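Please keep the sequence and the model open while reading.

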Amino acid sequence: VFKQFSLRCLFAAMLSCLVFTSATAETRAPQLKAVYTLNFAKFTHWPDEYAQGDSLGVCYTDQASVAQGLANTSVTHIGDQSLRLRQIKLPGNVSGCHVLFVHDHDPQRLRRYLATLRGLPILLVGDSPDFVDKGGMVELFELNRKIRFRINLGAIRRSGLHLDSQLLDLAVEVLK
Amino acid sequence: MSRSIPGLSIRVKLALAFLGSMLLVLGVTAGSLVYLDIRALEQSQQQRLEPLSRLLARQSQASLVFGEPASAEENLKALGVQPEIVAAFIYTPDGAVFAQYPRSEGAGSGGGRFMQSMQDQLTELPVAGRMSLHDGYSHYLAPIILQGERIGTIHLVDDRRFVQTRLQEYLQVSGLVVALAIIIAVFLALGVSAALTRPILRLSSVMEDVSSSRDFSLRATPSSRDEIGDLARGFNEMLSEVETREQALSNYNQELEAEVRNRTHELETAKTAAEVASETKSRFLANMSHEIRTPLNGILGMANIGYRDTPDGEARTGFSHIITSGNHLLGLINDVLDLARIEAGKLVIENKPFHLLDPVKNAIDLVAEFARQKELDIRTRFEEADNFWVLGDPLRIQQVLVNLLGNAIKFTEQGYVEVSVVIADSMTRFSIRDTGIGIRKEDLPRMFSSFEQADTSTTRKYGGSGLGLTISRNLAELMGGTIDVVSEQGRGSEFVLAVPLEATVCSEESRPDKGRETDGPRLDGLNILVAEDVEINQLILEDLLSVEGARCHFVNDGKQAVERVKSMAGDDFDVVLMDIQMPVMDGLEATRLINDIHPSLPVIGLTAHALDSERQRCFDVGMRDHVTKPVDVDVLVRSILRHTSNKPL
């Protein structure tokens, strides 16, 4: 099913374009990470009971540097669902969150957080080192001035989510 | 080409028509099949390209979204198993090339240009899948959508050479099929047209046979129940009709021929009968003339003797009347006989040399007495014809002239009769002009008909048989000439006998020796044996010949004559006069025997038969001459002299 062009789409396209032609990863990293996060959402299928409704909750932890990028994004919809951005405190209420961007430099605390979220149908994206090893689902990192990612397929499957296999091809590493 | 089509045979025309329609159907079928197949090929191409592009688009979503062209190009590599897809592109939403197949590094400079030309087909970003053809390639363009968002465009390029190859294969196969079909069609067409035209050709060959052989009993065999069969049956009916008519015609002809044969036979019978009748008539006439001449001979002979021996007085005048009447009767008999001979075509015209003026002078001599009695002058004007020798029949010319002169004198009461002879070219014109009563114009045409005189009153007044002019004209025509008359009533007439007479040299021998005619006894000292059974004729001959100085010895039949000749010593007789019809032995037999015994002794026939055939028979048995009875003494004397001229007198 094809849809009409929308301004949103056009903006998103322009954004993507900016990504590929941007000068440095450092300066634009939070912005890129926000776009990547939303892109991951596009390739993710939630269990039916979570996929219903006309909004998609995109949550981020308060310290997350990517929060600024998400806040600045002009993307308002993914498919039929409108984006609903919300900042949360961990461990806190994650109800209504389909995607959660986790940013925490404390490995122990991050591990605990992730453990509490285990099994929940929430796509966990993070940019902390070894994020997927600690129970995260998609870990973004910079390599050769480009954003790369690793995927923890096991965690995704355990949470009842389904990730488009195309992403597996693009991933630097896929954990089972 | 089109001009020569009417000249083709029906068979070829049919075959061409058959072939033409067959080719048309075949061409249309093959063409539409190829067209449909190409359409199907194109559709199948689209049907093939569309899911392929959808699959590739789906696989390329993440690559596009995350900006990983290498991954997209890795996906596009899968096209390697589709050899007809020569190029594929993935464009970003703004139309820039994101990924391409084959890989850009794989294509050379020429390949780069090719790829560039392919990219140029992206004239606008497609909203939905779209197929287009360009320059031998099929382009399929479709948007790449992710979550309702257009994230790029996929572009597949299909080499239509594949289609063209297929098309070529189609064309080759269908060409082969068409060629095969044409070959079959040619044979089929020839076969069918031959089957169709065979009855026509058979019919036409029968027609030719009929027209060349004229045999109308020939028939065409109607081989089919179609129009050609009808034609053959119609032709047969026509032939039957013609044959019937031919038969009728031939029957009619045969009947006609039979009729002609019958008629011819009848005519021949009639002709034979007529000839027999004519022969009978001639014989009758000959007999009659003989029977009349014989007594007439006696009468005239005795009258002449009586006239000669009787002194002037009543008796002598009586003898004169007897002679005149007898001569008239003799002339009449001669005329009738001549006419009969002319009509029977038995009159023979002689062709011998004579002096032109002999018959003229003779004729004048013969009528001189008559003219003197009527006190008419006979004038002559023939100086230029004097001493002129010609070839012809002098006796017949003389006969005509005597007749014309006789008429002139008869119908002239006073004045004169003028005779002139003029030679103009080959024609000799004898003219007799008188100053008599003349002839009415309306009577001229009937002048020369038999038994016609100018009018019946003429007959009463002047007498005559009315045969003279008819005989004259017939004689003139037999001699190749004419008789013309110019006359005016009351002023006289002029009759002109024109005869073609060939000039010839003088022949003294044939000239009658006229000089001695009137001098004393001409046959002095001749011994003559006369065979004559009729006593009166013996008396007459005795008298005539003794006056001329001859001594006559008489026998009564041929046998006695032969015996006298047999028993004679030396030159007892100078000449024999032989009657033809005699008892015991006739003159012809006797002459034959005398000629055997004494070939040098001349025999002269004497007969009352005046016919030419009789004359001929006399010459056939060896007679030297022939003199008709009643005997003209001058003629007889001349003949005797001619045949005894070698004797010394």
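A residue is called buried under 20% relative accessible area, exposed over 50%, and partly exposed in between, with a 1.4 Å probe and protein chains only. The model is predicted, so local features need pLDDT of at least 70 and side-chain atom pairs count only at pLDDT 80 or more, while totals for chains, interfaces and linings use all residues. Residues are numbered from 1 along each chain as its sequence is written, chains are lettered from A and ligands numbered from 1 in the order in which they are written, and side-chain values use heavy atoms, with hydrogens and water left out.

**Disulfide**

- A disulfide is a covalent bond between the sulfur atoms of two cysteines; the criterion here is a pair of cysteine sulfur atoms within 2.5 Å.
- The count over all chains is one disulfide, and A:C59 and A:C97 form a disulfide with an S to S distance of 1.7 Å.
- The link of A:C59 and A:C97 is left-handed, with -95 degrees about the S-S bond.
- This pair connects distant parts of the chain, 38 residues apart: A:C59 is in strand β2 (residues 55-61) of chain A, and A:C97 is in the loop between β4 (81-88) and β5 (99-102) of chain A.
- Helices (H or I, at least four residues) and strands (E, at least two) are DSSP runs, numbered from the N terminus.
- A:C59 is buried at 1% relative accessible area, and A:C97 is buried at 6%.

**Other cysteines**

- B:C552 is buried, with a relative accessible area of 14%.
- B:C618 is also buried, at 0% relative accessibility.

**Salt bridges**

- B:R219 and B:E243 form a salt bridge at 3.0 Å, N to O.
- B:R219 lies in the loop between α4 (161-213) and α5 (227-309) of chain B and B:E243 in helix α5 of chain B, so the pair ties together parts 24 residues apart in sequence.
- Both are partly exposed, B:R219 at 33% and B:E243 at 27%.
- B:D312 and B:R316 form a salt bridge at 3.1 Å, N to O; B:D312 is exposed at 70%, whereas B:R316 is partly exposed at 22%.
- B:E418 and B:R433 form a salt bridge at 3.3 Å, N to O.
- B:E418 is in strand β9 (residues 416-424) of chain B and B:R433 in strand β10 (residues 427-434) of chain B, so the pair ties together parts 15 residues apart in sequence.
- B:E418 is buried at 9%, whereas B:R433 is partly exposed at 30%.
- A network of salt bridges links A:D133, A:E139, A:R150 and A:E173.

Notes
A salt bridge is a side-chain nitrogen of Lys or Arg within 4 Å of a carboxyl oxygen of Asp or Glu.
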